[in-house]
Amino acid sequence: MSKPARAATPRAWQRMLSGRRLDLLDPSPLDVEIEDIAHGLARVARWNGQTVGDHAFSVAEHSLLVEDLARELTPDLSPDARQIILLHDAPEYVIGDMISPFKAVMGGNYKEIEARLQAAIHLRFGLPAVTPTRLKTLTKRADMIAAYFEAVELAGFSHAEAAKIFGRPRGYPRSVDGGPRLGLSAEPSARAQERFLKRFAEIESLRAQSSMTAAPQRPR
């Protein structure tokens, strides 16, 4: 009697346009490229694509918004901290942007894979593998503010509904309907990719200048 054929080991890597093969279960920093990240994030839709306009509002645009809001909340952020915030959703260039209700259903496995990818991305660019707690708190706050504005301006939420879920931002100009607005609109993926890469390069330049003029410091 012939032995049953062994099941093939499931492929756990993804081939990137750069030619890199990123292993999702054991990601190596050597297989992480910023061009791949920017390309992917600019094509991953926030809100599962359920937003107004001719283009999806991408994770790349969201990442730029969160970094901008974080600097507004804490103007003296170090360059390292700014880069960590810009890359806070970087794993989604591989695993996509799952809405919060689905993440809750997925449970721990999703979070484990996300954490491994985030660590590999950080190490690739000389950042701490794990985001410091204080910076994680700031990023979460900026992320919730961004979610509020995206919800009411792009995803069809009322101000009351968005405030109940994400909290109402304080200190922003009021619109004619009595709620805060930023005037968000989605842009073509190529433009989002370009802006993400430009901001990454700007922060890298600041990091290089900082390393030349000061002793290494933990991101604040």
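**Exercise 1. Count the aromatic pairs, then classify the pair of Phe125 and Phe200.**

Start with the rule. Rings of Phe, Tyr and Trp (its six-membered ring) pair if their centres lie within 6.5 Å. Planes under 30 degrees apart count as stacked, over 60 as edge-to-face and the rest as tilted. By this rule there are five aromatic pairs.

Now take Phe125 and Phe200. Their ring centres are 5.1 Å apart and their planes stand at 65°, so the pair is edge-to-face.

Helices are DSSP runs (H or I, at least four residues), numbered from the N terminus. Phe125 is in the loop between helix H6 (108-124) and helix H7 (133-153). Phe200 is in helix H9 (residues 189-213). The pair links distant parts of the chain, 75 residues apart.

Last, check burial. Buried means under 20% relative accessible area, exposed over 50%, partly exposed in between (1.4 Å probe, protein chains only). Both Phe125 and Phe200 are buried.

A note on the source: this is a predicted model, where local features need pLDDT of at least 70, side-chain atom pairs count only at pLDDT 80 or more, and totals for chains, interfaces and linings use all residues. Residues are numbered from 1 along each chain as its sequence is written, and side-chain values use heavy atoms, with hydrogens and water left out.

**Exercise 2. Describe the aromatic cluster that holds Trp47.**

First, list the members: Trp47, Phe157 and Phe166 form one cluster. Phe157 and Phe166 make a tilted pair, 6.2 Å centre to centre with 50° between the planes.

Second, look at accessibility. Phe166 has a relative accessible area of 19%, so Phe166 is buried. Trp47 is at 16%, so Trp47 counts as buried too.

Third, look at the backbone. Trp47 lies in the loop between helix H1 (34-41) and helix H2 (59-73). Its phi is near 60°, a positive value in a residue other than glycine. Most residues other than glycine have a negative phi. Asn48 lies in the loop between H1 and H2 and has a positive phi of about 55°. Asn48 is partly exposed, at 48% relative accessible area.

**Exercise 3. Find how many residues of H2 are buried, and what they pack against.**

Begin with length. H2 has 15 residues and reaches 21 Å from its first C-alpha to its last. That is close to the expected 21 Å (1.5 Å times one less than the number of residues).

Then count: eleven of the 15 residues are buried, so H2 is mostly covered. Among them are Val59, Ser63 and Ala70. The buried residues pack against H1, helix H3 (79-86), helix H4 (92-95), H7 and H9.

Zoom in on Ser63, at 0% relative accessibility. Contact means heavy atoms within 4.5 Å. Leaving out residues up to four places away in sequence, Ser63 touches Leu41, Leu86, His88, Asp89 and Phe196.

**Exercise 4. Which residues touch the most other members of the largest nonpolar core?**

Define the core first. It is a set of buried Ala, Val, Leu, Ile, Met, Phe, Trp, Tyr and Cys residues joined through side-chain atoms within 4.5 Å.

The largest core has 53 residues. Ile37, Leu87, Tyr93, Ile121, Phe125 and Phe196 touch the most other members.

Now trace the helices. H1, H2, H3, H4, H6, H7, helix H8 (159-166) and H9 each supply at least two residues. H7 gives the largest share, ten residues.

Finish with Phe196. Beyond four places in sequence, its contacts include Ile34, Ala60, Leu64 and Leu87.
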